[in-house]
Amino acid sequence: MQADLDSVLAYTDGACSGNPGPGAWGAVLIFRGRELELCGFESDTTNNRMELMAAIAALEALKRRCEVHLHSDSQYVCKGISEWLPGWQRRGWKTAAGKPVLNRDLWERLATQAARHQVRWQWVRGHSGVPLNERVDQLARRCLDQGRALASSRQSADSAA
């Protein structure tokens, strides 16, 4: 990691109710003692897509090149970006088995964002008491609940009209 870059600590997580189903993601960024919480909701998605979106949103939130220590409890994200991605790209976005890579749109977006920064990817065991990981899990679940409630109220309003 370069000493001249600003250092950012990031924790990310995704959540899904059903897989596929409604989903959400959460991220916490810590920079110079300040914290930023981010979250988002999608009405029809998968858990892997939400894990990817959390990491993408965390990196997209950074306005300039930074040294980022990004923590995720998703092996899919951590191994995908650091181990599998180069092979997928070499094989024209095909897996080792020759099948199309799932979630290619998000992998391309994550690769673009990761290239803007100096990222150290850190897998953390989920639900193991790591405070910031627990926090982003709660943030994603809260966003999921709020998104589902909003979608439900919109559906009720549409059927009443």
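Predicted model: local features only at pLDDT ≥ 70, side-chain atom pairs only at ≥ 80, totals over all residues.
**Helix H2**

Helix H2 comprises 16 residues, 75-90. At 1.5 Å a residue the helix should span 22 Å, and the end C-alpha atoms lie 21 Å apart, which agrees. After H2 comes Gly92, whose phi is positive, near 70°.

The buried residues of H2 are Tyr76, Val77, Cys78, Gly80, Ile81, Leu85, Gly87 and Trp88. An α-helix has 3.6 residues a turn, so residues three or four places apart point the same way. The elements against which the buried residues of H2 pack are tabulated below.

| Packing partner of H2 | Residues |
|---|---|
| Helix H1 | 47-60 |
| Strand S4 | 66-72 |
| Helix H3 | 104-116 |
| Strand S5 | 118-123 |

**The largest pocket**

The largest pocket holds about 250 Å³ of space. Its lining is formed by Val8, Leu29, Phe31, Arg34, Glu35, Leu36, Ala61, Leu62, Lys63, Arg64 and Cys66. Strand S2 (21-31) and strand S3 (34-45) each supply at least two residues of this lining. The largest share, 3 residues, comes from S3.

By residue class, the lining of the largest pocket divides into 7 nonpolar and 4 charged residues, with no polar ones.

Notes
Residues numbered from 1 in each chain as written. Heavy atoms only, no water. Helix = DSSP H or I, 4+ residues; strand = E, 2+ residues; numbered from the N terminus. Expected span 1.5 Å × (residues − 1). Buried < 20%, exposed > 50% of the residue type's maximum accessible area, 1.4 Å probe, protein only. Contact = heavy atoms within 4.5 Å. 1 Å grid on protein atoms, 1.4 Å probe; cavity = no way out; pocket = protein on both sides within 12 Å on 5 of 7 lines; lining within 4 Å. Points joined across faces, edges and corners; volume = space filled by probe spheres on them. Nonpolar A, V, L, I, M, F, W, Y, C, P; charged D, E, K, R; others polar.
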